[in-house]
Amino acid sequence: MTAFERLLAGEVSALARAISLLEAGGDASDALAARLRGHTGNARVIGFTGPPGAGKSTLISAYVAALRARGERIAVLAVDPSSPLSGGAVLGDRTRMGEHSTDQGVFIRSVAARGHLGGLALSIPAILDAVDAAGWPTIILETVGAGQSETEIVEFADVKVVLNAPGLGDDIQAIKAGILEIADVLVVNKSDLPLAERTVRQLQAMLALRSAGSQDVPVVMTSATRLDGLDDLEQAVDNRFGLSADLDAERRRGRRLRGLLRRRAEAAIRDRLVAIAPDRMDAICERVHSNAVSIDGAALELAALALDGNEVAGALLDEP
Ligand SMILES: Nc1nc2c(ncn2[C@@H]2O[C@H](COP(=O)(O)OP(=O)(O)O)[C@@H](O)[C@H]2O)c(=O)[nH]1
Ligand SMILES: [Mg+2]
């Protein structure tokens, strides 16, 4: 069997190697991603996001245990957006999910953010495809919900669980408005702590301010360490899967491919922006400085300049 066939057959070591290849990027990675695309769309993806320390890893570990009790096989991808130097979150996750390390029915992998900004998000759709193609029926994606890029990562999830916990700085401040918008299920974890009820009320008040329909988002209280509220979490996630009309393989594939393309385009534009000659950059700055052009106007000019000198885009446009 080839390595690719072994991956499709569900061999874990083949999957692990494929993920490393996809993380590295480059031509071999792109070629693998293209082959994978024909074999994906079946896995259901559950995203867990929320501020660092809210208890995502601990809760996921408890949730995985609950799903295992139902006989389900689960893959967990923990995306660590911290710098490779800190490494702390990933190591921590490994111990928090350690209870599953010898269980053949659980696949856990940390995906660390390396290299330039956006490099992390670039590999996620293809890595999801790999785990999906390897036959894992459920994939849990853990991301730190601290900014725009994490909100985007969660877009690949069929059901999005957003965690908060009392006592994380300014409670609700810890949840960015944008991240509240994407929630299918809201969780207030650490219900064993004193201010948990207040956090629930604050979230409910925020939900009430949102557009019609979003008031249906359930707020679930859990204690990951005491294993409280896990039934409610299971129920809430299952309900969302039951409600969603957006779950066929075709749509999942489309969503991942769209996300991948958008990220690649962003990365390409970013690279070209950085490559703009300093004197041309200075010239544009000077015109902003003298009020000859607005900031937005100058930014658009810069974007156009970045794309113009690019023979690749030209070649693409020439293609039939
Ligand atoms: N009191 C309490 N602590 C918790 C609970 N869940 C997680 N923690 C603790 O919160 C800390 C951060 O947990 P972790 O799962 O790493 O959070 P993450 O950064 O969101 O993945 C750890 O020390 C956990 O033991 C909980 O339900 N109650
Ligand atoms: Mg974590």
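Reader: Which helices each supply at least two residues of the lining of the largest cavity?

Author: This is a predicted model, where local features need pLDDT of at least 70, side-chain atom pairs count only at pLDDT 80 or more, and totals for chains, interfaces and linings use all residues. Residues are numbered from 1 along each chain as its sequence is written, chains are lettered from A and ligands numbered from 1 in the order in which they are written, and side-chain values use heavy atoms, leaving out hydrogens and water. Helices are DSSP runs (H or I, at least four residues), numbered from the N terminus. Two of these qualify here: α6 (119-133) and α11 (249-274).

Reader: Which helix gives the largest share of that lining?

Author: A cavity is a set of points on a 1 Å grid over the protein atoms alone, where a 1.4 Å probe fits but cannot get out; lining residues have an atom within 4 Å of a point. The lining here is A33, R37, P125, A126, D129, R253, R256, L257 and L260. The largest share is 4 residues, and it comes from α11.

Reader: What is the volume of the largest cavity?

Author: The structure holds 1 cavity of 30 Å³ or more. A volume is the space filled by probe spheres set on the points, with grid points joined across faces, edges and corners. For the largest cavity that comes to about 60 Å³.

Reader: How many charged residues are in its lining?

Author: Asp, Glu, Lys and Arg count as charged; Ala, Val, Leu, Ile, Met, Phe, Trp, Tyr, Cys and Pro as nonpolar; the others, Gly among them, as polar. The lining has 5 nonpolar and no polar residues. The charged ones number 4.

Reader: Are α12 and α13 roughly parallel or roughly antiparallel?

Author: Axes are lines fitted to C-alpha atoms, for helices over the stretch in contact (heavy atoms within 4.5 Å). Angles run from 0 to 180 degrees between N-to-C directions; under 35 degrees is roughly parallel, over 145 roughly antiparallel, 65 to 115 roughly perpendicular, and the rest oblique. Helix α12 (residues 278-289) and helix α13 (residues 295-308) pack at about 165°. The pair is therefore roughly antiparallel.

Reader: How are α4 and α10 set to each other?

Author: Helix α4 (residues 56-69) and helix α10 (residues 230-243) have axes 10 Å apart. Their angle is about 75°. So they are roughly perpendicular.

Reader: Which residues in α10 does α4 meet?

Author: From α4, the partners are L59, A62, Y63 and A66. On the α10 side they meet L230, L233, E234 and V237.

Key. 1 Å grid on protein atoms, 1.4 Å probe; cavity = no way out; pocket = protein on both sides within 12 Å on 5 of 7 lines; lining within 4 Å.
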